[in-house]
Amino acid sequence: MHELEVTFLGIESSCDDTAAAVVRHVPGQMPSILSSVVMGQTELHEAFGGVVPEIAARAHAEKLDIAVERALRNAGLTLAALDGVAVTAGPGLIGGVLAGVMLAKGIAAGTGLPLVGVNHLAAHALTPGLSDGLEPPYLCLLVSGGHCQFLLVHGAEAFTRVGGTIDDAPGEAFDKTARILGLGQPGGPAIEAEAKAGDPNRFALPRPLLDRPDCTMSFSGLKTAVLRARDQAIAAAGGLRRADRADLAASFQRAVRDVLSEKTRLALRLYRDRLGDSPSLAVAGGVAANAEIRAALTEVAAESGARFVAPPLSLCTDNAAMVAWAGIERFRQGGQDGLDLGARPRWPLDRSQPALLGSGRKGAKA
Amino acid sequence: MEGLAGVDDGVKTEAMITRPSEARPIVMTLEGPEATAALAERLGGVLRSGDTLLLQGDIGAGKTHFARALIQSLQARHGAVEDVPSPTFTIVQTYHAGPLEIWHADLYRLADPSELAELGLEGALSQALTLVEWPDRLGTMTPSRALWMSFRIPPDRPEARIVEITPRGAGWERVLGALGAEAGS
């Protein structure tokens, strides 16, 4: 039965967005997204100068039903036409995850449909299969507001983490740098726009841990360096001049680009060592939308002879189509959960790897 | 009623006399990230469940670095050390160090204290060792008993940090002892 066509409802509410989607897959064909509804919080959050989780969390409970109804209507289906319900069971904000899991359980209990709990990070890492039909194994750089890790993706539930950040994720560094420079939120697009007018070589910002021959990254010290350079620029000019701000944004973006592309080069080498030739590099997460970073990663893949896959932004930011797809992949391998499915605020993809040690002893900030 | 109020006043005054450290900050200069980590490790050795550390300071002042060093030094006593990512995006991260539950929260993205109920922070404050960045968002939920730590960067020494530690409420003798040893070393 698992070899046949399956249609799954996906539910995602682990952070700021409330989302529902319907995905259908026929073995041997590309999966098709029948509908994908994301009810964002951007407008509400802008008023507060950042993301406000309570609004998100409250809205999850209020908006989930509407999102699911809308996803089914857009797909032209009823619950009876589904083969299963997939839901993000973690990691994430407990209020949001619980709201999604409760709704999915309710649907499963009411209809008798199989329930499949999905790891949010796994859903991001499996997205290249949904968008481009990419099959494991491949190297995935998952780079977003809250996450930054290199994963060897072996299958729907098999991941090896080969590196990641020991402190801030790049998306967070973009947000905080935007705050430091008095730019709007979210910081990614704001910095990218500001950087267009700036000189990326004006400020000598650090490339933390670039001298280390592994895939460990650190972005916290970079943020502090921007802060210091900003204060010096303010002291020199009696205020933050527009040109200085643009140069700071450009220099920051260049530093993040350099770190990500160099570490990706190392990760690809590691991939070859472990899994042999002909690697594929998939970049998932909102930071991949940054044109300069994307161009650099495309170049790194090309020089390594790797296929480069970057799903469209709509599938890189939080969405439920990726959850439905990850659910289908798990379901095909016999994965299914009971009504005792719990919400897991913390849920690392790869528990076998040792922790990336903090910067205290080694002085990553130095 | 007047008499009772008078008694109350007397008790408060008495308490302040017997706890001279109350609300008087201990100021330390930390020469670099390693010194911050050493302070975190030393404090970690005397902290218990139910203790709350409120970490103040601007972006880049070193709040998360301090919290990470504290959590990982506590976990190192029990073997397995975990990653301690910045909680800015996830708001709350929870850890275990042996039997001790640790909550690491960053409330920057909160707009109203009413949001805290949904995060489960109220329960954590009494049951876990809780580290809170941007504690000004706690509002009326601010615990009366807490160790306030304020970090700032001295203008001329970007690698150093000045930390002001203010114990509020009773029962910080162990911490003060550990800090005294630190200051004397």
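Start by selecting A:Phe8 in this predicted model: with 0% relative accessibility, A:Phe8 counts as buried.

**An aromatic pair across the sequence**

Show both side chains together. Over all chains, the structure holds four aromatic pairs. In one of them, the ring centres of A:Phe8 and A:Phe331 are 5.2 Å apart and the planes stand at 55°, so this pair is tilted. Colour by secondary structure and you will find A:Phe8 in strand S1 (residues 6–12) of chain A, while A:Phe331 sits in helix H11 (residues 321–332) of chain A, so the pair ties together parts that are 323 residues apart in sequence.

**A second pair**

Next, select A:Phe174 and A:Phe252. Their ring centres lie 5.0 Å apart with planes at 80°; planes over 60 degrees apart count as edge-to-face, so that is the label for A:Phe174 and A:Phe252. A:Phe174 belongs to helix H5 of chain A and A:Phe252 to helix H8 of chain A, so this pair links parts 78 residues apart in sequence. Both A:Phe174 and A:Phe252 are buried.

**Along helix H8 to helix H9**

Stay in chain A and highlight H8 (residues 242–275) with H9 (residues 291–303). The two axes come within 9 Å and cross at roughly 25°. Angles under 35 degrees count as roughly parallel, and H8(A) and H9(A) are therefore roughly parallel to each other. Their crossing is right-handed.

Which residues meet where H8(A) and H9(A) touch? On the H8(A) side, pick out residues including A:Arg254, A:Val256, A:Arg257, A:Leu260 and A:Leu268; on the H9(A) side, look for A:Glu292, A:Ile293, A:Leu297 and A:Val300, among others. By class, the contact of H8(A) with H9(A) has eight nonpolar, three polar and five charged residues.

**Helix H6 and its neighbours**

Now select H6 (residues 187–195) of chain A. Its buried residues are A:Gly187, A:Ala190, A:Ile191, A:Glu192, A:Glu194 and A:Ala195. What do these buried residues of H6(A) pack against? Show helix H5 (170–180), H8 and H9 of chain A to see the partners.

**Over to chain B**

Tracing along the sequence, you will follow the pattern α-β-α-β-α-β-β-α-α-β-β-β-α. Of the 185 residues in chain B, 49% are buried. Among contacts in chain B with a separation of 6 or more, 63% come from residues 24 or more positions apart.

Definitions and conventions: Residues numbered from 1 in each chain as written. Chains lettered and ligands numbered in written order. Predicted model: local features only at pLDDT ≥ 70, side-chain atom pairs only at ≥ 80, totals over all residues. Heavy atoms only, no water. Axes fitted to C-alpha atoms, helices over the stretch in contact; angles between N-to-C directions. Helix = DSSP H or I, 4+ residues; strand = E, 2+ residues; numbered from the N terminus. Parallel < 35°, antiparallel > 145°, perpendicular 65-115°, else oblique. Left-handed = near helix turned anticlockwise from the far one by under 90°. Contact = heavy atoms within 4.5 Å. Nonpolar A, V, L, I, M, F, W, Y, C, P; charged D, E, K, R; others polar. Buried < 20%, exposed > 50% of the residue type's maximum accessible area, 1.4 Å probe, protein only. Phe/Tyr/Trp six-rings, centres within 6.5 Å; stacked < 30°, edge-to-face > 60°.
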